[in-house]
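Work through the exercises below with the model open. Each task is followed by its solution.

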Amino acid sequence: MSILSIENLHANVGETEILRGINLKIEPGEVHAVMGPNGSGKSTLSYVLAGRDGYSVTGGSVEFKDKDLLELEADERANEGVFLAFQYPVEVPGVTGMTFLREAYNSRLRYEGRDEADAMEFLKLVRSKAKDLNMSDDMLKRPVNVGFSGGEKKRNEILQMAVLEPKLAILDETDSGLDIDALKLVADGVNALRTSERSMLIITHYQRLLDYIEPDHVHVLAHGQIQRSGGKELALELEANGYAEFFDGKV
Amino acid sequence: MSIDANTAEQVKELEVDKYKYGFVTDIEMETAPKGLNEDIIRFISAKKEEPYWLLEWRLKAYRHWLTMEEPDWAKVGYDKIDYQDLHYYAAPKNIDRPKSLDEVDPELLKTYEKLGIPLKEQELLSGVVAVDAVFDSVSVATTYKAKLTEMGVIFCSISEAVREYPEIVEKYIGSVVPYSDNYFATLNSAVFTDGSFVYIPKGLRCPMELSTYFRINAENTGQFERTLIIADEGAYVSYLEGCTAPQRDENQLHAAVVELVALDNAEIKYSTVQNWYPGDENGKGGIYNFVTKRGACRGENSKISWTQVETGSAVTWKYPSCILQGDNSIGEFYSVAITNNAQQADTGTKMIHLGKNTRSTVISKGISAGRADNTYRGLVKIMPKAEGARNFTQCDSLLIGNKCGAHTVPYIESRNPSARVEHEATTSKISEDQMFYCMQRGLSSEAAVSLIVNGFCKEVMKELPMEFAVEAQKLIGISLEGSVG
């Protein structure tokens, strides 16, 4: 059974059609990379999957674990196990990372009809997750993303992901704005979270992230459609030749 | 809540159901006829067995009030109040204290349930609230009375204080808010029915939080309570005030006066969680909250700190202030004001610097949602003798949706060149990005708003006593329910 099954997905932002018939299947444990030039619809795909307001689906279907994902609200999708690591993680002033994460974690537990986590237990859980990722949990004492460096923001996303244990993680341009050391650290974190159950959809413009997170499948997105699919070697080909061939002269 | 098991027991014995029906049938109630005149004032004074000086004071206030005009400078709009169409005195004929809480207004119980106050405390609060509603400001303190008295603390209703400690009351009442102060305070001076009185003796750090729950219940009855708190030299007290009101179709008037006096090296911390009924979506039936709160830092090194979380009322008009008279005295004002639907709040503070090296801090957080209007209005005044006075003011406004308004109106007057006055203001919105970020992590839209707003208010919330902070946090969530699509 696929974890995610996207069929002929069309979506608009305002009046403009951005996704024009996407087909994509992801099996448990698989890591898929979606690559594409700017404006190809990569971020739109991630937002549509996560259920952001302002993106209207005009056709097609998305099944997630046999559920109609498009029927669910953003928070329900999250609680079902869809996690989006943001390209630009958002600041929440006055709310510490720990409070934020605990709220998120408890939302999931409530959604599943379970009791909320005890504060001490939760703290232990977070500490051990941070340790697994070789990260400090110090940033959780600060307000969420406020005054964080680019690297800290992305690391924080990965730490949240580790605690929330999603079934499908969508990484939206996680490499953007990172220097090579920060990129490695984040990639190591992501790799540590790869399991035979957890699927990942990595959205990226550049190939370099895929040097560190090796995908099972690579897809090229342009004009709101997947133009080509292949193995990890496709990413290298794109790196060498660029996206020009996918534009067909109609930029 | 700073309420113990004894209180719970005592409250269980209160006759809440009788009081409730008392209002409906009027059988158990003793109510003055509607309207305001000297006879009504004499009636109130006589009912309370007051000394002659107090009656005189009330009458003086009343005569002055007749010459005054209702202020209209605040950025609030409401239908004109017919002061002759109100009852100025309403009380149950006898306040025996037996029976169960089974018939407490379920709406009220629901409110507390919603606030997440545990059942035992819930019973308790309903009880306490009910007691206050009948203008017999029985507060939690009653149970601790023996213990407090032992330490020399006086904590009782102001009526009782007038009878038992007339010399202290006479010395301080009206000394911070004179009877002629402003329209509503003057009206209060003429007709105040009850309220709390606190006196902390020299050198005592009051070991428990003193708290009162105010509640308006009767229909067409204005509530005019008067609170007077005195911290003698070197004393410290933390006082909590909570307010709720039932739903009504008609707007109710609440015009309270609070006076604080801090002598040398004394400190008073006054915290309010105001949750008067805000009215329906159109503001119908909510409380008009026109309150005068003022503290005098009379002694050297004294300190008065106001913390308020304002979530209720249809219209709020309130400026807790500090008069920094003693050298090196400190005034603080921490405020969260939330307005949703058709609520209007015009609130802020006044810091009057008289003494040398006096310092004041103002942190105000205004949150508007729905069609609400929220105004911060503040005055910082440095008088000529206030050498080295300092003020820091920070006003932040948060908007939810695009039909609400936030306004900041700071007045700064400095008459001493050595003074330093700082003012910072920001206005922001809960962004769609923030909402999506929180929801993508599993929070419902309401939980997301509550989290973001609580974060926004953090600097103020941390000033609240722990038990109150939890309640206030939940209140913020509740009062913003339905504010996002």
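**Exercise 1: a strand in chain B**

In E15(B), B:Ala337 is the bridge partner of B:Glu310. This is a predicted model, where local features need pLDDT of at least 70, side-chain atom pairs count only at pLDDT 80 or more, and totals for chains, interfaces and linings use all residues. Residues are numbered from 1 along each chain as its sequence is written, chains are lettered from A and ligands numbered from 1 in the order in which they are written, and side-chain values use heavy atoms, with hydrogens and water left out.

Task: find which strands pair with E12(B), and in which sense.

Solution. Start with the terms. Strands (E, at least two residues) and helices (H or I, at least four) are DSSP runs, numbered from the N terminus. Two strands pair if DSSP finds at least two bridges between them.
- Step 1. Strand E10 (residues 267–275) of chain B runs parallel to E12(B), joined by 8 bridges. B:Tyr270 has B:Trp306 in E12(B) as its bridge partner.
- Step 2. Strand E15 (residues 330–339) of chain B also pairs with E12(B) in the parallel sense, over 8 bridges.
- Step 3. Check burial, which means under 20% relative accessible area (1.4 Å probe, protein chains only). In strand E12 (residues 303–310) of chain B, 7 of the 8 residues are buried, so the strand is largely enclosed by the rest of the structure.

**Exercise 2: a helix in chain B**

Task: decide whether H11(B) is mostly covered or mostly open.

Solution.
- Step 1. Count. Helix H11 (residues 432–440) of chain B has 7 of its 9 residues buried, and is mostly covered.
- Step 2. Name some. B:Phe436, B:Tyr437 and B:Cys438 are among the buried residues.
- Step 3. Look just after H11(B). There B:Gly442 takes a positive phi of about 110 degrees.

**Exercise 3: a loop residue in chain A**

Task: locate A:Gln87 and list what it touches.

Solution.
- Step 1. A:Gln87 sits in the loop between strand E6 (82–85) and strand E7 (92–96) of chain A.
- Step 2. Its relative accessibility is 13%, so A:Gln87 counts as buried.
- Step 3. Leave out residues up to four places away in sequence. A:Gln87 then touches A:Ser43, A:Lys154, A:Asp172, A:Glu173 and A:Ser176, with contact meaning heavy atoms within 4.5 Å.
- Step 4. Take A:Lys154. C-alpha to C-alpha, A:Gln87 and A:Lys154 are 8.1 Å apart in space, and 67 residues apart in sequence.

Terms used:
Buried < 20%, exposed > 50% of the residue type's maximum accessible area, 1.4 Å probe, protein only.
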